[in-house]
Each structure stands twice: as structure tokens, then as C-alpha cells.
Amino acid sequence: MSTKELRKEFLQRPSGTFSPDWFRFSGYRQDFSLPVRELRTKGIEALFTKTTPIIYKNDLIVGNSRCLYVNEDEKLLRNVSSTVNEIGKRNFLTNSDHYSPSYPHTVKVGITGLIEEIHESKKNHSSDDEKCKRLDLMESTLRAFITMIGNYKKEAERSMSDVAYDKEKLAFIIDNCDALMHRAPQTFSEALQLVWFCHTAFLMEERYAMALGRMDMYLYPFYKKDKESGVLTREKAVELLENVFIKIDSTDVVNICIGGTDTDGNCTVNELSECIIDAVRNCNIPGPNLSARIAENTPDDFLLRCIDSIGTGLGYPALMSDRINITALSRFGYAKEDIYNYSMVGCIENFITGMQPPWSDGRFDAPRYFEYLLNNGIGSFDNTVSIDTGDIGTIGSMKEFMNRFEEQLRYGADQYFALFNARNDRINQEFFEEPFLSCFCHDCIERGLDINGGGSRYPSVHGAVLMGVGTVADSLSAVEKVIFIDKAATLSELRDALRDNFEGHEQLRKLLLDAPKYGNNDDFADKYAVWFLDYLSSLFDRYRTRDGGYIYVAMAANVQNIYAGRHIAATPDGRRQGEPLSDAASPTYGRDVRGATSTFNSVTKPDYGKAACGTVINQKFSPSMFRGEKRQKLLALIKAYFKKGGQEIQINATSREVLQEAMNDPEKYKNLVVRVSGFSDYYVRLAREVQLDILNRTQHE
Amino acid sequence: MLLNIANIQHFSVGDGPGIRTTVFFKGCNLRCPWCHNPETLSFEKTRLSYPHLDKTEWCGEMKTVEDVLSQVLEDKDFYDESGGGVTLSGGEVMLSADGASVLAKRLCEEGVSVYIDTAGCVPYSRFLKLNDFSDGYLFDFKTPFADKYTSIGGDLETVCSNIKSLIKDNKKIIIRIPLIPGFNTDAESVNMSCKILSELGADEVSLLPFHRTGSGKYQAMGKSYSYKDTKPLDSKITEEIKAEFSKYFNVKVEA
């Protein structure tokens, strides 16, 4: 109940303008003559110390960035921002956010412990002024952070006289703050409060998609101890977790990782893992992006708890194959224990927790390269340019077509990487140090180096997000079938049809649509999805980031497949220009029409050990799959899917809204299968009154 | 050996234990007016057209046992994980018992569980062809009254004697009762069904509440559907019927 009330409080924005720049500026203006890294540190200190914390009446664990609202003249704030922007900030492509901090270590030593480590490191580097200076700056940000905690304490003390506040809650907050200012956390609530203070500080620094990591691992010792000593109940732990998760903004993507194994392969699922699922489920908001690592020895009970949460329609957690992710991460020379302690950032991106610079990624629109191949390197829809791979009249076989396509993709990958590098190199690492963030990354303190300047244990990695596996596989399958096997059309005719967006070429489009499609367990099409990941990952394997890290590939999309599709000409799979590309690593919606097992047989063919960033397979199941004995069948389906080599699955329990939309737009929902009665059928093929029957039945359930 | 196949449906989750593939055979000897699968009634190829999808389909294809086998074995991993397998259904699969038994035998050799979904209005000699190769039967029981059975082309006496024989031969049997308003949902039908089935020694019963689910197919076949306007069974009535059956059997209501 208090969670819901807290959400209401949280959603009430303070008056004024959200302006972190105002506070940064107030730090900068103290002394603009300082060297830039010191100047930046002043900005961070100001963010932490000059803000007045907001404590909600339903807060148990405090911390939010609403304190960054200021009531100042708009024009004044714009001018301030302009100065702050000139000093500059890192952004997503220059490794600023999407990071999983070293919380397992932080909760062990506390902030005071980190400061001690800094002192220790300074002794070891006493002859290196540069490092000592950097360590001093790290310490200043931590001291400012302690001041921020102290400000929360003061604010809680001040609120004691306000009758609207619950004194017991405030006393709880005061105790936690007081402890964290002076020592490492000793209880579950102190540890959780510390993590949330850190997260809040990162938000104040304007970082986005900061993960909470393996909470069920690093908080479990506290949970266990408190439960044993009787100061904590399971219910209280869920309440405290809800108190945190409910303060995650809907626009943020805060990954939380549960489940999985330890370095020896032992299952690490525990009671806290369950508490976390329950808390995320109870909050029922999009922000806490829960991921569950599923290993071969993950208990069915846990997986069923995940399924139950997914079945509410919330869709959390996403289920990740520990085996595939660990295989994928094992290619890069990371220590075994660091690999096993991986978590995710953002949506699904695999991350060596607290040991590499923040993530970055970009989109590689593979289906775009058909138009270049067919039109001598010129984009037929959007005036873009690639290389001229020659006149298509000279292509006499599918093999030659593939050679040309590979040549186009190779060029595209080279260009992609050159542009990324240029962007990344534009940042002078020395000027853009991150003293506060570095305190939450191994081994920055020990080495006296910045997180982006050689301090992190492992170098930066970059994700190349491969778009449109379904569109590409279906297109290649159609080209092979229609052009080279049936010889029903020539490549020139295909080019003309695509250029004309199939207008006047409806017959050819029908032939292309009738060719085998990815997702029906037909190797004719599926082999191209296998090739897609093999070939593109081999291309991106050739590059290294500025500091020697690897390029991971991903097959994920969010909704970018829709935006990417808007700028891509018609493709040989029958897709019209501007239509979305296939989503993530899924087959093209509506074209995998042979049931979930066939879809899973197809999508487990690619070798996801090559997709270190991760993949997304979106599937929809009707809500009835989450109940009764069918729930066990869904469990078996998911387990078989992972055994067969699936990397990830996220499931939608079909909602009433979707069914209604399916009735309005049947083409789009062609592959939505519903159990009818005595048999299953495609929803859109049922008569309208049947659809209404099912719609109404669903509502009752 | 060629099999007359209407459809092979992967990821069947309502036709027996675990995840199954259901093989629908063409041809049926009953003519239940509420039938959900009218396209499987005839042994001949049946045309279905969906003008709003600009799509025409033909139901019915002669397939070799090996063809069917290789298609259903694609999902072996899912059967193994879920305790599922293959369900042979129809139409009335027992009208194709010779071919079905060759398929069922091959499936047994591959270690795949076989269930048979039948209305059972055939001589027991046909069951004998499949008994050795099947793990269980989903056995339809439409009405406890002989005249009503006759009206849909069936025979109550045959049904009862087949159930009895299967139980005697130690076959796993799940009785499936479609709950059809106006046909078998009245108190008398329910009470009588319970009486007959319990006397026969049945212990497991699945109730399938009526829904107007076949009407899209009737439309696609250009036929009228006499149950088009029949309302689905009120869930309260379903619960009452379930409660009555539960006095005698282990009962499940299928969605």
C-alpha cells in the first residue's frame, strides 16, 4: 500500500526546471582557473552537496534526483547550460552510462572503506603526482557523496517536526544514513540504502540505464544475517525493495539481474532472488528491467515464479541462458570468476560487472545493403551511398549473389566502425575523467587511473547491434528460390520491383512472399539466419576499440527496427519500403506460422555463442498458457529452448488490447495462435463472433 | 503407406500430456452439428477460402508415413522435456487405423509417446491395431442417450463397449465430453453420463465447454453453421456440471 502512495509522491514533480547544469555551474564558477579535471570535480561536488534532498512521506530507503529542480529564470538557466556544455560531458557513445557498478565490493567496504583504499593507493603511488592528484579528486567526490548522505540525514531530522511524516520511518532513515556516513553497511537496509544512494548520485550526474547488477548475490549475506538475527522478515525485505524500485523513472531502463551460478557453476538462486521478483511484480512499472539468468541447474520453482510474473502481462523478467552468455563472454580473455559474475546493462547487454568502462552501441542496418548491391552502390530510397559492387547482370548464381552481398556488408561494417571510432576518439580521455564513477570500477583506485583511462580491469567494449535477421534471411531465401532455382524473375526485374516499391510488380511480390521464411524450421531459409550471425560476427571480430577491447554483436532492436525500416527501400522478402524490419533476433512477425516449437527449432540454429552482447527473442503467449497444467508445459518449452541453444526469451502474455488490435489489423497479427476449444487456431482466421467469444473469455480470466 | 492428412499441428498443448504434435486425419463417420473441425469431415480434399486475407487453402494431403514421421520428430526435444508426444486425431483417426498403426509403431520405435483422440464409434478390432503402439486414448463421450448418439451418426452401445474393452485391456483413457448447450448439458444428461461412465470404470474426465469456434471454418467452406448463434456456456453452469462429475471422476475443464 505504501508503495503505491510513494509512487504518487514520486510522480509529483517539484516546481521549477530540472537543471543539473545549474548545480554543476555553481561548482565551476568557484574557480574557472582550475585545470579541467579539477573543474569537473567541483561540478560533481556541487551536485552532491548543494542540493537539498527530498524525502517522501512513504520513503524507507531515500534518494531521488528531484532535488535538481530549480526555480530560476529560464534564460539564465539556458546561459548556464551553454557554459556547462562548453566544458562538455561524455555521452552514450563516449562511455558515460549503461554501466553495472562494482556494488558487490561497495557494500562490503562502504564509502569509508573506498576512501581508505584511496589512501592506501596513494601510498603505493606516492612518487606519481599525476595518480595522487587523480586519487585526491576521487576522494573529494566520495567526501561530497558522504555530505549528500548527511544532508538526507539532516532533512530527515528536520522533518521530525512535520506531523505529516511518520517518525518511525524517519528514525529508520536517520539510522541508515548515519551508519553509511561512518562505516560499511552491516544490515540489509543499510546495504540497500547505500546502493540506492550510489544510484541516485549517478542519476544526479545525469547517467542513464545504470544497472543494479546481481542484487540477489551481493545483498544476500545481509539478508541472511538479518533474517537469522530476527531484525528482518521476508515481507519487510520485499517492502524495502519495492520502496527502491518504485522510484525508478518510467523513462529509465534499470537492469536488475537475478539467478545464475557462481564460478564453480553452483546455482545461486536464493530467497532474495524470489523477493526481488515479487517486488518488481508488485511495483508493476516498466523501469526496473528484471533479467533472470537461467542455468541448467536453475530450479523449476524459480523458473515458474518468473513465468508467473511474466504471465501478469508485465513481461518481466527476461530469461537469459547462462550457458550461452558465459560461452560468449569466454572468448575475450576475462578471468573465469569475472565472467561468472556478469550482469546486464540497459536491455540485455552482457556486462562484466564493475570491471569495464560504460557500454556503448550502435545500429547496423544489414537489410539496407540489398539496395546498394542491386543499384551499383546507391541507395534507391534515401540517397545514401555504399560501394559499387558491379553490374548485377553478371551475377549467375546464388553463390555470386552472396559474394556481392558479403562485400557490401564488409564495406558497411568498415564504415560503421570508422564512424564509431571517430566519435569516440574525439573525446580527449584526459579531459573527460570520471572521478566518482571510477570509485565503482575495479581497479581504478588501485591503479590510480580513470575508468576510461586504463583504470578499468578490462578495456571498453562496443556493441554492434545487427538489425533485421528475419528480413535478411527471408530476402536471401526469396532470392535463391525465385531468381536462381525457379528462375521466375531476373535480378534486374527484382531491382526494378524493389525500386518501384512493388507497384506494378504484384505478381513478383507474391512469388517472393511465397518463398520459405525464417522461423518455420525449414533449413532453406534458416541457413541464412545462421550465416547472418556467423558472417557479421566475423566482420566485427576484426575491430578493436580505442583501448583494445572487443566489438560484441547483438541481435536486439527495442523498437529501432521500426525506425530503421522507415529509411530502407523495399527488400526481396516482399517487405515494402518504409515498413519495419524484422524485430530483434525474432523471425519476421506473421511469417513464422508453424507453432512455437517450430519457431524455437529455427531460432536455436544460429550460434549465439558469437553474440556476446546478447539477443532478444520476443514471443507472445496467450494468458491461458500461464495457468493450470499449461504453465508446466510453458516451463518445459522454455527449458527445451535453452537446452537447444537459445540465448534469451521475453514473453508477452497476450492482453485483451492486443486481441482487439488483432481484430482491427489481422494482417499484422497473422501468427497469433489461440487455443480455441478442442483445437488451436490462428486468431485472425476465426469468425468475428468467435474472436469476440475468446476476447470475452480472456477478460473473465 | 499413404496417410490422408488434414493438418499437422505443432505445439499442441490441449491434446494430452505435455507438449504434443497433433496429426489430424481426414474423414469422419460422425456428423456432429457443432463440430469444431468441419474441414476434416470429408475424406476428399476440402477448400477453405478466407477472402479478407486473400487466401485460399486446401485441407487434405496424401503423405507417406516417413514424411509425417520426419515432421513430427522435429519436436522430439520438446516432447522429451515436457513428457509430451504425438496425438493422432481427426476426423476419426480410427477410420484410418491401418495407416495410423504403421505411424504409431514407428513413433514407438523412436521413443515417442502416442495418444489417440477418437469418438470411438468403430469396431474394437480397430483399437486392437493401435493398442500396442499407444500410451493412451482421449475418448469422446457425446451423450448418454442412444437416440441422440444415433442422431449424430454414432452408436452408444459401441462407445460403451469400446470404453469397457480399453479399460479391461489396461489402456490409459481420458473421457472427453464436449458440453453442448441443448444437447448434453441438462441435469438428466449429466447424471446419466456420470452413471454410465462410472459403471464402465472410467476415472478421468475432461469437460470441453462449447464455444462457437468452428464458425470461421464453416464460412471459409461456404457452409452454414447451425450453432452460429448459440451462446457459449455460462461459466456458472460449467462449474455446476464440473461439480457433479467431480463426485465420480477426476475432472478437468479444458479452456
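A salt bridge is taken here to be a side-chain nitrogen of Lys or Arg within 4 Å of a carboxyl oxygen of Asp or Glu. By this rule the structure, which is a predicted model, holds 73 salt bridges over all chains. Side chains of opposite charge can pair when their charged atoms come close.

A second pair sits within a single helix. The side chains of A:Lys236 and A:Glu239 form a salt bridge with an N to O distance of 3.6 Å. These two residues are 3 apart in helix H11 (residues 234-245) of chain A, which means that about one helical turn separates them. An α-helix has 3.6 residues a turn, so residues three or four places apart point the same way. A:Lys236 counts as partly exposed at 29% relative accessibility, as does A:Glu239 at 25%.

Chain B has salt bridges of its own. B:Lys228 and B:Asp229 pair through their side chains at 3.9 Å, N to O. Here B:Lys228 is partly exposed, with a relative accessible area of 38%, whereas B:Asp229 is exposed at 59%. Elsewhere in chain B, salt bridges link B:Glu66, B:Lys105, B:Arg106, B:Glu109 and B:Glu110 into a network.

The two chains also meet each other. Chain A brings 36 residues to the contact and chain B brings 38 residues. About 3,400 Å² is buried between chain A and chain B, and carbon and sulfur atoms give 53% of this area. The rule finds 5 salt bridges across this interface. A salt bridge between the chains joins the side chains of A:Lys644 and B:Asp77, at 2.6 Å from N to O.

Attention now turns to the two faces of a helix. In helix H28 (residues 656-664) of chain A, the buried residues include A:Val658, A:Leu659, A:Ala662 and A:Met663. These residues cover an arc of only 145° around the axis, and therefore lie on the same side of H28(A). A:Glu657 and A:Asn664 are exposed on the other side of H28(A).

A:Val559, A:Ile562 and A:Tyr563 make a nonpolar surface patch of about 230 Å². A:Val559 is in the loop between strand S10 (551-555) and helix H25 (560-566) of chain A. With a relative accessible area of 43%, A:Val559 is partly exposed.

A contrasting case is A:Leu581, in the loop between H25 and helix H26 (596-603) of chain A. A:Leu581 is buried, with a relative accessible area of 3%. Leaving aside residues up to four places away in sequence, A:Leu581 touches several others, among them A:Pro367, A:Met467, A:Thr471, A:Ala564, A:Ile568 and A:Arg575.

Finally, some backbone details deserve a look. Most residues other than glycine have a negative phi, and most peptide bonds are trans. A:Ala209 has a positive phi, near 55°, and is placed in the loop between helix H8 (188-204) and helix H9 (215-218) of chain A. A:Ala209 is buried, with a relative accessible area of 0%. A:Asn521 is not a glycine either, yet has a positive phi of about 55°. A:Asn521 lies in the loop between helix H23 (506-514) and helix H24 (523-540) of chain A and counts as buried at 17% relative accessibility, under the 20% limit for that class.

In chain A, the bond from A:His442 to A:Asp443 is cis, with omega near 0°; A:Asp443 is in the loop between helix H18 (435-438) and helix H19 (444-447). In chain B, a cis peptide bond with omega about 20° joins B:Gly90 and B:Gly91, and B:Gly91 is in the loop between strand S6 (85-89) and helix H3 (97-109).

Conventions: Residues are numbered from 1 along each chain as its sequence is written. Chains are lettered from A and ligands numbered from 1 in the order in which they are written. This is a predicted model: local features need pLDDT of at least 70, side-chain atom pairs count only at pLDDT 80 or more; totals for chains, interfaces and linings use all residues. Side-chain values use heavy atoms; hydrogens and water are left out. Patches are made of residues with over 30% relative accessible area and no salt bridge: like charges are joined within 9 Å, nonpolar side chains (Val, Leu, Ile, Met, Phe, Trp, Tyr) within 5 Å. Accessible areas come from the Shrake-Rupley method with a 1.4 Å probe; for residues, only the protein chains shown count as cover. Helices (H or I, at least four residues) and strands (E, at least two) are DSSP runs, numbered from the N terminus. Buried means under 20% relative accessible area, exposed over 50%, partly exposed in between (1.4 Å probe, protein chains only). The arc is that of the directions from the helix axis to the C-beta atoms. Contact means heavy atoms within 4.5 Å. Buried area is the accessible area (1.4 Å probe) that two parts lose on being put together, summed over both.
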